[in-house]
Amino acid sequence: MPTIGLDSVQVAPQAVDISGWLLLDKDIQLELEGAVQNMYNFKFDKANKQFRSLRRRYPQHPMAYFLLGMSTWWKIMPNSVTDTRYDKTFLAYMDTAQTKAEALYKADAHNYEACFFLAGAYGQEARLHAERHDWRKATVASRRSLNYLQKSQEANGLSSEFLLGQGLFNYYADWISDEHPWLRPVLFFFPKGNRERGLAQLRKVSQTAFYTGNEAKVYLIDIMSGEREKQSAAACELARQLSAQFPDNAYFQLRYARLAFELGRLEESEVACRSVLNKYASGQVGYEAYSCRPAAYILGYLMQHKYHDLAQAKDYYQRCAVYSEQVGMTKRGYYIFAQSRLASLAVREQDVPAAHRYYRLIVEQADTGEQEYKEARAWLRAHRQ
């Protein structure tokens with residue numbers, strides 16, 4: 001396999017026959033604009049109605065199946081760690097998109113639109129398998145995605161839609177093998193990445209692409225808020241924009257709430273967290289117990305330290321614990337943090353039985369290396385019953 005840069009080859013639009021390419025069809029974009037907006041705003045029924053209409057008119061094209069798969073992916077996103085209800089549906093849509101795109105590619109090896117959908121569908125499949133810790137399937141899907149990504153690079157000059165996968169590869173390639181060793185045999189055959197070029201490509205996609213623009217923004221939020229870039233303020237602003245544009249998207253709203261909290265923008269975080277809990281209480285699509293854990297914890301912290309309302313603080317910490325128990329997330333994270341806060345409040349109020357109860361839960365659930373475990377163990381030893 002030739003080791004050429006993933007952004008080094010560009011084909012002038014007139015050199016490629018794009019007839020039949022729905023991805024670049026402006027009329028299709030105009031038709032689907034509302035559907036794409038509805039998908040990201042968690043109005044899945046409305047979005048899918050339009051995607052299915054596209055499928056009826058173009059049954060042999062991969063685009064409708066890919067969009068239906070992405071709609072399913074966004075049902076998974078807010079609760080991706082624990083919620084497997086939509087996995088089979090998602091994989092079925094991506095498998096069909098792959099089959100349809102493979103047929104187009106076999107008919108025309110210069111059909112870079114087909115390569116785009118193959119790279120995207122296999123990439124999303126790999127992402128889900130990695131989320132589920134099925135490294136063998138993730139590796140196979142990643143290899144296939146990267147193969148088609150390399151082929152689709154020749155369409156860079158046609159549309160920024162083609163740059164999402166290449167931007168991600170360029171940014172992550174030089175260190176992802178350390179983070180995900182299972183990908184090393186895949187990446188061995190590919191060129192080294194370029195962090196700055198990858199960032200530039202992702203920013204271009206986020207600003208200009210119709211279908212992949214919001215996906216690029218999601219990745220940029222993760223990148224900007226990470227230890228590598230340390231640009232949490234930029235990530236928070238991007239999350240704020242997405243939360244404002246798509247106010248019913250639980251993932252965007254919670255991401256914004258957490259980043260604002262980390263940056264000390266407490267009023268913004270409080271508004272977002274209250275919105276998450278209110279929408280969960282009203283049964284709104286996408287708002288479930290998994291997303292409520294951090295929202296309840298943040299509100300508990302604010303009640304304790306900003307408003308000095310200990311009764312409400314305890315209520316929110318207890319709600320955080322209950323949400324965590326509902327989704328089976330009691331071994332780490334917000335459940336342990338909430339129990340630790342409840343224990344310290346019990347000690348402050350000289351409620352020794354309650355403190356014992358909370359600290360015992362921490363010792364039973366937390367990792368022995370965590371600070372909360374060590375504090376709980378020390379207190380229990382000093383206050384034996």
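Okay, let's start with a term: a salt bridge is a side-chain nitrogen of Lys or Arg within 4 Å of a carboxyl oxygen of Asp or Glu. By that rule, this protein has 15 salt bridges. Before I go on, two housekeeping remarks. This is a predicted model, where local features need pLDDT of at least 70 and side-chain atom pairs count only at pLDDT 80 or more, while totals for chains, interfaces and linings use all residues. Residues are numbered from 1 along each chain as its sequence is written, and side-chain values use heavy atoms, with hydrogens and water left out.

So, the overall picture. What is the secondary structure of the protein? It comes to 18 helices and zero strands. Helices (H or I, at least four residues) and strands (E, at least two) are DSSP runs here, numbered from the N terminus. The radius of gyration is 23 Å, close to the 21 Å that the globule rule gives for 385 residues, so the protein is as compact as a globular protein of that length. For that number, the radius is taken over C-alpha atoms, and the globule rule is 2.2 Å times the number of residues to the power 0.38. If you put a box around the C-alpha atoms, along the principal axes, you get roughly 80 × 40 × 35 Å.

Now, inside and outside. We call a residue buried when its relative accessible area is under 20%, exposed when it is over 50%, and partly exposed in between (1.4 Å probe, protein chains only). Of the 385 residues, 53% count as buried. The protein exposes about 17900 Å², and carbon and sulfur atoms supply 50% of that. Those areas come from the Shrake-Rupley method with a 1.4 Å probe, and for residues only the protein chains shown count as cover.

Contacts next; by contact I mean heavy atoms within 4.5 Å. Take the contacts between residues at least 6 apart in sequence: 65% of them join residues at least 24 apart.

Let me show you some residues that do this. Please find Tyr290, in helix H14, which covers residues 289-305. Is Tyr290 buried or exposed? With 14% relative accessibility, Tyr290 counts as buried. Which residues touch it, leaving aside neighbours within four places in sequence? Tyr290 is in contact with Pro78, Asn79, Val81, Thr82, Val327 and Met329. Glu325 sits 35 residues away from Tyr290 along the chain, with 9.6 Å between their C-alpha atoms.

Gly167 is another one to look at, in helix H7 (residues 163-179). Its relative accessibility is 0%, so Gly167 counts as buried. Beyond its neighbours within four places in sequence, Gly167 is in contact with Gly198, Gln201 and Leu202. The C-alpha atoms of Gly167 and Glu196 are 9.4 Å apart, and 29 residues separate the two along the chain.

Now a loop residue. Asn41 lies between helix H1 (26-40) and helix H2 (44-57), and at 15% relative accessibility Asn41 counts as buried. With neighbours within four places in sequence set aside, Asn41 is in contact with Phe246, Pro247, Asp248 and Asn249.

Back to salt bridges. Arg85 and Asp83 meet in one, at 2.6 Å from N to O, and Asp83 is buried, with a relative accessible area of 7%. Lys137 pairs with Asp134, and there the closest N and O atoms are 4.0 Å apart. In that pair, Lys137 is partly exposed at 37%, and Asp134 is partly exposed at 26%. Then Arg265 forms a salt bridge with Glu268, with 3.0 Å between the closest N and O atoms. Salt bridges that share partners also join Lys43, Asp248 and Lys279 into one network.

While we're on charges: the mean positions of the 49 positive and 43 negative charges are 3 Å apart. Lys and Arg count as positive, Asp and Glu as negative, and His and the chain ends are not counted. Each charge is placed at NZ of Lys, CZ of Arg, CG of Asp or CD of Glu.

Last stop, the backbone. Which phi value does Lys230 have? Phi of Lys230 is near 55 degrees, a positive value in a residue other than glycine. Lys230 lies in the loop between helix H10 (213-225) and helix H11 (232-245), and at 61% relative accessibility Lys230 counts as exposed. Gln350 isn't a glycine either, and it has a positive phi of about 60 degrees. You'll find Gln350 in the loop between helix H16 (334-348) and helix H17 (352-365), where it counts as exposed at 71%.
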